[in-house]
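Trainee: I would like to learn how to read the features of a model like this one. Can we take them one at a time?

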There are 4 protein chains.
Amino acid sequence: MEVGFLGLGIMGKAMAANLLKNGFKVTVWNRTLSKCEELVEQGASIGENPAAVINKCKYTIAMLSDPKAALSVVFDKDGVLEQICKGKGYIDMSTVDADTSSKISEAITEKGGLFLEAPVSGSKKPAEDGQLVILAAGEKALYEEAIPAFDILGKKAFFLGQVGNGAKMKLVVNMIMGSMMNALSEGLTLADKSGLSEDTLLDVLDLGAIANPMFRMKGPSMIKSSYPPAFPLKHQQKDMRLALALGDENAVSMPIAAASNEAFKKARSMGLGDLDFSAVHEVVKATRGSGDA
Amino acid sequence: MEVGFLGLGIMGKAMAANLLKNGFKVTVWNRTLSKCEELVEQGASIGENPAAVINKCKYTIAMLSDPKAALSVVFDKDGVLEQICKGKGYIDMSTVDADTSSKISEAITEKGGLFLEAPVSGSKKPAEDGQLVILAAGEKALYEEAIPAFDILGKKAFFLGQVGNGAKMKLVVNMIMGSMMNALSEGLTLADKSGLSEDTLLDVLDLGAIANPMFRMKGPSMIKSSYPPAFPLKHQQKDMRLALALGDENAVSMPIAAASNEAFKKARSMGLGDLDFSAVHEVVKATRGSGDA
Amino acid sequence: MEVGFLGLGIMGKAMAANLLKNGFKVTVWNRTLSKCEELVEQGASIGENPAAVINKCKYTIAMLSDPKAALSVVFDKDGVLEQICKGKGYIDMSTVDADTSSKISEAITEKGGLFLEAPVSGSKKPAEDGQLVILAAGEKALYEEAIPAFDILGKKAFFLGQVGNGAKMKLVVNMIMGSMMNALSEGLTLADKSGLSEDTLLDVLDLGAIANPMFRMKGPSMIKSSYPPAFPLKHQQKDMRLALALGDENAVSMPIAAASNEAFKKARSMGLGDLDFSAVHEVVKATRGSGDA
Amino acid sequence: MEVGFLGLGIMGKAMAANLLKNGFKVTVWNRTLSKCEELVEQGASIGENPAAVINKCKYTIAMLSDPKAALSVVFDKDGVLEQICKGKGYIDMSTVDADTSSKISEAITEKGGLFLEAPVSGSKKPAEDGQLVILAAGEKALYEEAIPAFDILGKKAFFLGQVGNGAKMKLVVNMIMGSMMNALSEGLTLADKSGLSEDTLLDVLDLGAIANPMFRMKGPSMIKSSYPPAFPLKHQQKDMRLALALGDENAVSMPIAAASNEAFKKARSMGLGDLDFSAVHEVVKATRGSGDA
């Protein structure tokens with residue numbers, strides 16, 4: 001099978017390589033063309049611009065760094081819109097906001113093309129291992145056409161209905177994650193201040209009904225006040241804000257998410273926005289001076 | 001090895017049976033003596049009262065239903081106190097509050113006995129499978145003596161230091177669990193009201209960094225508004241209250257736990273205290289009349 | 001002095017009448033022209049459209065029902081923009097969002113006109129009594145020119161700096177008000193459920209350091225579950241959302257406002273959005289079935 | 001009329017003096033007897049111990065510093081209990097917890113005496129001016145007998161029913177006050193960070209529906225980060241904890257009070273417990289480093 005691939009950052013490169021390894025013919029493009037070389041060695045063809053890739057392939061996958069790049073690749077000169085047409089598909093796997101996704105969707109559809117948003121859950125390692133979770137929404141027929149590719153890229157793909165639902169699902173998941181992070185942080189702090197070992201708490205948690213990879217991964221570094229940015233706190237807080245806005249739209253009251261969001265905001269006000277989102281632990285455990293008066 | 005065992009409820013019976021199956025000689029006692037029969041068939045001896053069991057065994061394990069029973073077995077006529085003495089150990093694995101535990105500890109210690117509190121995490125199934133998590137605190141020497149028994153009863157035993165720390169550790173774990181339950185409930189509600197499938201949300205969660213047995217176990221029944229009581233909501237709320245009180249003592253600010261506690265209190269006010277603690281979902285998703293005005 | 005006045009709703013009519021009574025010459029306009037008659041009887045002239053009013057007067061005050069009306073009066077055919085020019089002033093006293101205000105401000109300023117936003121605090125009665133509180137922001141020179149009018153319309157006018165600050169100040173005030181309303185509601189509920197008289201609580205509050213007109217005015221009807229809409233709950237919730245968004249922008253953590261906002265959202269989900277904002281009391285006191293389990 | 005008075009601290013001295021000034025015959029006692037002299041000059045008699053005062057007077061008022069003093073005066077040698085009897089009344093106006101109050105009540109009642117708890121709202125100045133608010137509960141007949149004294153001591157006295165209700169009413173009022181303090185603090189912080197003047201916010205608030213003495217009194221010093229202890233933060237937090245516990249007993253969910261309580265706890269953890277309760281402002285506005293990342 002033949003597929004186009006736009007965007008060869010950390011994620012995109014790993015994903016395109018997996019497609020090549022599994023028998024796909026892939027035509028790649030990247031803004032910095034030199035990044036294509038490694039993939040050419042693995043058997044890829046090069047398209048000279050997004051329009052050329054679209055022209056050559058029945059459907060094209062994009063994995064771009066942010067909404068600005070996602071829009072530019074579609075709307076700029078030599079962009080996707082110039083060649084997309086009836087019968088061709090465009091699958092945007094970048095993480096973008098609902099507005100961006102719907103702008104792209106409308107433009108593609110107007111030209112007769114098929115559109116699918118398909119943001120993923122998982123970062124570098126799962127991308128390399130073909131273990132992403134794919135949250136697809138939009139044109140069902142295109143989803144079905146892309147299943148062989150999704151089977152290679154991810155451990156599981158979901159079709160979630162209309163465009164926008166992929167982004168919404170990510171927000172809901174990240175909201176729960178943000179509240180859980182606060183819950184863990186409060187538990188670690190309470191353990192510590194009550195004379196219990198935080199390490200033992202993590203061990204006990206890991207043996208019980210709420211054991212989960214995030215506690216296992218983040219807990220030990222939180223104890224050491226180390227927060228190397230895997231998922232930056234300011235992005236987590238933005239997602240919680242958007243999830244709360246979604247709740248506002250639908251009159252859903254979410255006091256735990258709201259309280260968690262305020263803790264992340266406090267962390268931002270403390271200058272921790274670029275650290276990992278687990279740095280909210282600094283807010284929870286923060287004290288000053290000589291303790292209780 | 002020889003060990004006493006007081007209390008043959010659902011948990012105690014399974015635990016004593018495991019000890020028997022693994023080569024321990026066990027002398028059992030239960031308030032309703034008929035409950036001992038099944039264990040006698042499996043090879044147990046019977047003690048006619050708690051004092052008699054203590055008298056016969058180097059150390060005795062108790063697994064009683066509540067603080068009242070735990071106190072009665074120790075302090076009443078023919079109780080533990082009448083025979084406990086230097087060289088003998090008493091291990092209370094019941095879930096009791098800190099006050100009860102410390103009363104028992106003092107009384108045992110005053111008679112020269114060794115005391116260990118060892119509440120467990122896990123219910124019927126883990127008890128049967130010898131997969132409990134044991135949170136022991138008190139006399140280190142007795143803990144070490146009991147390791148062979150703990151190895152049979154649980155998948156892991158922790159020694160947490162002074163008496164009271166076992167109960168505290170349980171509170172911290174249950175507090176985190178209560179906040180996580182609220183986070184899940186808010187996520188399910190937001191998904192539903194935003195036009196996403198709750199079942200799909202559970203599937204997505206189960207593939208990611210916050211996948212955990214509780215979400216897997218409770219999520220599907222929450223979607224169906226079904227809350228068969230595994231851990232009653234009123235007990236969960238009591239534990240959150242006690243955890244917050246522990247935080248108050250130590251000047252630890254825990255806004256997420258506090259907000260979760262208020263949700264559980266609201267559930268109590270709605271008459272849901274005897275259902276499973278996942279019934280807090282009824283609070284989160286509750287609406288009335290025709291929706292948003 | 002001569003002044004234009006656009007918009008003769010409940011507020012505008014009372015304000016224009018006060019200006020007339022106090023010696024101002026007023027040229028009025030209203031979309032439904034018949035509403036002008038009453039003011040003509042009191043001595044007002046009529047302008048046939050907003051442009052005509054602007055043309056005739058050195059400065060013009062507008063008091064319109066919502067952002068849509070505020071924009072229409074300025075940008076539509078025969079609107080303010082057609083005649084505004086160097087030396088003329090436009091004072092918008094409507095309650096509009098920051099975006100609307102800044103759009104109008106830019107358009108007026110581009111034409112050389114002077115702009116002042118001047119939302120008010122206070123409703124019908126204070127408007128009639130000339131007891132409004134005026135939150136002005138924008139062109140300082142225009143503010144000073146309008147002081148004689150503001151002295152008639154309000155008990156106090158503030159100049160708050162750049163355009164947008166008037167709207168922001170209202171949000172901050174309404175945010176505090178929303179949190180206080182929740183605090184009162186919780187207090188009333190706790191009193192009632194603890195066997196104290198809610199009426200007596202209101203009496204005690206009114207004698208102490210936190211006595212305030214809102215508690216005095218809303219408290220008695222809240223006890224009777226009566227919420228005739230003075231300030232609709234959905235507008236209060238919108239203001240809290242916007243205040244929280246302003247906090248988000250500036251990394252200000254506000255957990256009490258956030259928790260209050262979630263209570264108002266719950267009220268919306270219960271269909272109470274069109275009632276007075278004191279109807280959040282229904283959320284706080286809500287129970288179901290037979291009470292605590 | 002003749003009345004006994006035990007306890008001549010700042011409050012008690014002012015209250016006893018008011019009774020003397022208004023024609024009461026007063027027999028006073030204080031642990032440090034020298035403190036009685038000033039009142040003797042104003043016409044008071046001295047009782048050599050609490051029992052002697054009780055013996056001499058039909059009813060006796062006590063105004064003691066804390067629960068320990070309140071208990072000691074009643075139960076110690078030469079205490080109230082030795083002379084209290086049928087027909088005699090004891091009115092405890094000290095601020096004590098429900099347990100203390102009910103212990104004293106039971107002891108007095110058992111001897112045939114009449115008991116009234118009557119904590120007050122208001123401190124030194126209102127005590128001097130006879131402007132206290134009196135929250136009485138217990139024996140109705142004694143309340144009625146004491147009305148002439150209450151008319152002198154306070155601007156208003158309430159009879160609240162059974163013993164304990166006076167303390168409960170104070171908790172409810174202080175809970176609302178604590179939430180309002182947090183609301184004000186959030187508003188001040190939001191104003192400041194959004195480019196508005198905090199002083200102007202206070203002016204605007206004072207002209208509107210939520211104007212109240214506390215905002216007027218505490219606001220200006222909060223802006224200056226000055227918190228001279230009028231009502232210590234640790235006492236405010238204790239009252240919020242007790243109010244929340246009362247809510248827990250009665251299954252009342254109070255998320256705003258709970259969030260406010262956590263802010264006060266954070267303030268305690270920062271070493272601010274001995275400052276005025278308005279010092280919670282330090283928690284709300286706290287940031288670190290160079291702001292948002």
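Mentor: Start with burial. A residue is buried under 20% relative accessible area, exposed over 50% and partly exposed in between, using a 1.4 Å probe and protein chains only. Phe277(D) counts as buried because its relative accessibility is 2%. Before we go on, note that this is a predicted model: local features need pLDDT of at least 70, side-chain atom pairs count only at pLDDT 80 or more, and totals for chains, interfaces and linings use all residues. Residues are numbered from 1 along each chain as its sequence is written, chains are lettered from A and ligands numbered from 1 in the order in which they are written, and side-chain values use heavy atoms, with hydrogens and water left out.

Trainee: What share of chain A counts as buried?

Mentor: The figure is 58% of its 293 residues. The C-alpha trace of chain A spans about 70 × 45 × 35 Å along its principal axes.

Trainee: How many helices and strands does chain A have?

Mentor: Helices (H or I, at least four residues) and strands (E, at least two) are DSSP runs, numbered from the N terminus. Chain A has 13 helices and 9 strands. Take the contacts in chain A with a separation of 6 or more: 65% of them come from residues 24 or more positions apart.

Trainee: How do I judge an interface?

Mentor: Interface size is often given as the accessible area lost when the parts come together. Buried area is that loss, with a 1.4 Å probe, summed over both parts. Chains A and B bury about 4,800 Å² between them, with 79% of it on carbon and sulfur atoms. Glu186(A), Leu190(A) and Ile256(A) supply 14% of the area that chain A buries against chain B, more than any other three residues. In contact terms, 58 residues of chain A meet 58 residues of chain B.

Trainee: Which polar and charged links join chain A and chain B?

Mentor: A salt bridge puts a side-chain nitrogen of Lys or Arg within 4 Å of a carboxyl oxygen of Asp or Glu. Between chain A and chain B the count is 0 salt bridges. A polar contact is a pair of N or O atoms within 3.5 Å; within protein, one must be able to donate a hydrogen and the other to accept it, and residues adjacent in sequence count only if both atoms are side-chain atoms. Here 8 residue pairs are in polar contact, both residues at pLDDT 80 or more.

Trainee: Which element gives the largest share of the side of chain A that touches chain B?

Mentor: H8(A), with 19 residues.

Trainee: Where are salt bridges found, then?

Mentor: Over all chains the count is 50. In one, Lys13(B) and Glu38(B) meet at 3.3 Å, N to O. Lys13(B) lies in H1 (residues 10-21) and Glu38(B) in H2 (residues 37-41) of chain B, so the pair ties together parts 25 residues apart in sequence. Lys13(B) is partly exposed at 31%, and Glu38(B) is partly exposed at 39%. Another bridge pairs Arg268(B) with Asp248(D) at 3.0 Å, N to O. Arg268(B) is in H12 of chain B and Asp248(D) in H11 of chain D, so this pair joins two chains. Both residues are buried.

Trainee: One last feature. What is the phi of Ser225(A)?

Mentor: Most residues other than glycine have a negative phi. Phi of Ser225(A) is near 55°, a positive value. Ser225(A) lies in the loop between H10 and H11 of chain A, and is partly exposed at 35% relative accessibility.

Notes. Contact means heavy atoms within 4.5 Å. Buried area is the accessible area (1.4 Å probe) that two parts lose on being put together, summed over both.
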